[in-house]
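Thanks for coming. Please have the model open.

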Amino acid sequence: MRANSLSLLRTAAKYAGPRSIAHRSGQYGLRWSSSEARQWSTPLAKTLAEAITTTGPISVAAYMRQCLTSPDGGYYTRHTTGHDQFGAKGDFITSPEISQVFGELVGIWLYTEWLAQGQKEKVQIIEVGPGRGTLMDDVLRTISTFKAFARSIESIYLVEASPHLRKQQAKLLSGTEELEEAELGWKSPCKHLLDCDIIWCEDIRFLPKEESSTPFILAHEFFDALPIHVFQNTASSSIPASSTILTPTGPITPKHGPQVPKNHWHELVVSPIQSPTGKEDAEEFHLTVSKTPTPHSLYLPQTSSRYKALSKTENSIIEISPESLSYISDFAIRIGGANPAPPSPPPSRSPSNTSPVSHSPPTPPFQKPSPSGAALILDYGPAATIPANTLRGIRAHKPVSPFTSPGLVDLSADVDFLALAETALTSSPRVEVHGPVEQAFFLSTMGIKERTERLIRKAKLGKDSVADIEETVKRLDIGWKRLVDRGPTGMGRIYKAMAIVPFADEKGTVRRPVGFGGDVVR
Ligand code: SAH
């Protein structure tokens with residue numbers, strides 16, 4: 001679990017809170033020269049500082065992206081020695097690592113959806129951000145016991161940015177670290193489902209979309225790792241408006257400067273602290289409010305009525321993750337097909353030439369004869385409100401500032417579930433969204449208690465030593481209770497489940513998925 005208590009979330013939030021925001025002087029802020037004397041905590045910190053010196057402060061999203069997945073020492077992409085990021089020896093522990101029952105119930109959830117949707121052929125199992133591969137291992141082991149479902153699976157896809165984690169996943173799921181190069185990325189045979197390969201790629205956009213396929217997509221603690229942009233609503237009087245726009249390649253001044261409304265969204269940007277304290281683990285970067293509009297501040301806060309509703313609330317902060325929205329849109333389109341393309345404008349004529357300007361025909365949007373498949377998203381974040389001040393750093397199970405030791409600290413932010421739901425519904429005309437519900441509700445209605453009790457009974461009947469049996473029973477018992485703990489600091493409350501399934505109302509019936517208030521349908 002990234003944050004093992006709400007107090008931890010609160011403690012971590014303070015690092016990104018208003019106290020760490022400083023208004024900078026000058027048009028684009030100060031410039032820093034990379035002094036030979038300055039020592040940086042990591043090579044990535046130095047690279048980032050040098051890049052910012054050249055181009056100006058960067059968005060929180062760009063900072064997160066570099067810190068998490070830079071090939072040059074990102075948190076997930078760096079080579080770890082001895083142990084990885086997960087578990088007691090790593091930085092955080094996630095639900096699949098706490099109890100095998102978590103992944104087993106997710107496998108059963110997929111099976112119930114497959115049954116309810118008429119036992120389709122050509123099933124694709126897809127997981128984004130599989131970590132150690134533990135969830136997929138438990139899911140596939142469970143699925144392999146439902147023979148007809150297992151036979152319907154055509155391919156298993158894992159979307160993973162980290163080469164080291166890909167190897168670890170292969171070790172667990174294929175029994176080998178040797179990945180064979182494949183058209184989309186890499187592959188190796190699945191140890192649970194014979195005749196089925198596991199295929200890895202780095203981005204979901206590389207995966208084939210076929211109208212006859214039924215994709216079942218899993219995202220556990222993936223969206224919280226995707227970069228966020230942060231905006232603060234500040235009156236023009238406190239920060240002078242300017243028509244200059246900060247871009248990754250430097251400031252530009254458009255011919256006709258943007259019309260900046262009175263109260264408007266300013267992006268929070270990251271730059272190095274000029275005079276660090278020199279203490280170990282001191283912050284090397286900080287957040288400042290960009291005085292000038294950025295390409296993202298002009299566009300992203302206008303994309304939902306939820307953000308517009310806050311446009312008059314001074315000092316409100318919103319976090320938006322466009323990358324999360326593009327992933328969820330992809331999920332919805334795979335399940336329900338895309339919305340039809342907007343009607344094309346009438347052919348235009350160039351002023352000097354009266355013949356119509358020729359356009360190559362646009363690619364038609366992906367369509368499915370009937371929607372099929374499902375996506376299950378499990379993560380932490382508020383059920384309906386827009387996250388604010390939630391960027392956090394975790395190292396060795398403790399909250400730390402996100403602005404220390406870039407690449408050695410896990411960075412994450414709350415997931416905006418409502419934004420994900422809105423985007424799924426606007427991306428595909430034939431999907432519906434259920435939840436988010438609390439993880440405690442999802443797992444309890446899926447039968448976590450009953451399944452754990454069965455495992456405990458089985459362990460007690462086994463041939464292990466008394467000490468080993470006691471150890472197993474204790475682990476199972478503590479594990480399931482931790483996953484559904486609804487105390488203010490509990491995983492059962494903080495974590496949520498949300499599902500995207502085919503739109504069922506076409507037949508005049510409403511079907512709730514299991515775990516979201518529905519029953520098993522055959
Ligand atoms: N689902 C796992 C791991 C969660 S950590 C679990 O719950 O235990 C986040 C995972 O997403 C890691 O595997 C990380 O390498 C991967 N990841 C992070 N950012 C990514 C990106 N932009 N593209 C693909 N994978 C990414």
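How many nonpolar, polar and charged residues does the shell around the ligand have? By class there are seven nonpolar, six polar and six charged residues. In that count Ala, Val, Leu, Ile, Met, Phe, Trp, Tyr, Cys and Pro are nonpolar, Asp, Glu, Lys and Arg are charged, and the others, Gly among them, are polar.

Before I go on, the conditions. This is a predicted model, in which local features need pLDDT of at least 70 and side-chain atom pairs count only at pLDDT 80 or more, while totals for chains, interfaces and linings use all residues. Residues are numbered from 1 along each chain as its sequence is written, and side-chain values use heavy atoms, with hydrogens and water left out.

Back to the ligand. It is surrounded by 19 residues, and the closest are Thr94, Gly129, Gly131, Glu160 and His220; a residue is near if one of its heavy atoms lies within 4 Å. Glutamate 160 places a polar side-chain atom 2.5 Å from a ligand oxygen. For threonine 94, an N or O atom of the side chain is 2.6 Å from an oxygen atom of the ligand. Histidine 220 also has a side-chain N or O atom 2.6 Å from a ligand oxygen. Taken alone the ligand exposes 570 Å², and the protein buries 98% of that, by the Shrake-Rupley method with a 1.4 Å probe.

Where does the ligand sit among the pockets? The space it takes is the largest pocket, where sitting in a pocket means that more than half of the molecule's atoms lie within 2 Å of the pocket's grid points. Pockets and cavities are found on a 1 Å grid over the protein atoms alone: a cavity is a set of points where a 1.4 Å probe fits but cannot get out, a pocket is an open set with protein on both sides within 12 Å along at least five of seven lines, and lining residues have an atom within 4 Å of a point.

The largest pocket has a volume of about 810 Å³. Its lining counts 43 residues, with Gly129, Val159, Phe222, Leu226 and Tyr327 nearest the centre. Helix α11 gives the most to that lining, six residues.

Of its 15 lining residues, Ser321, Ser324, Asp414, Val415 and Asp416 lie nearest the centre. The lining of this cavity has 10 nonpolar, two polar and three charged residues.

Last, the backbone. The peptide bond from glycine 435 to proline 436 is cis, with omega near 5°, and proline 436 lies in strand β19, residues 431–438. Glutamine 119 is not a glycine, yet has a positive phi of about 55°.

Key
A polar contact is a pair of N or O atoms within 3.5 Å; within protein, one must be able to donate a hydrogen and the other to accept it, and residues adjacent in sequence count only if both atoms are side-chain atoms. Grid points are joined across faces, edges and corners, and a volume is the space filled by probe spheres set on the points. Helices (H or I, at least four residues) and strands (E, at least two) are DSSP runs, numbered from the N terminus.
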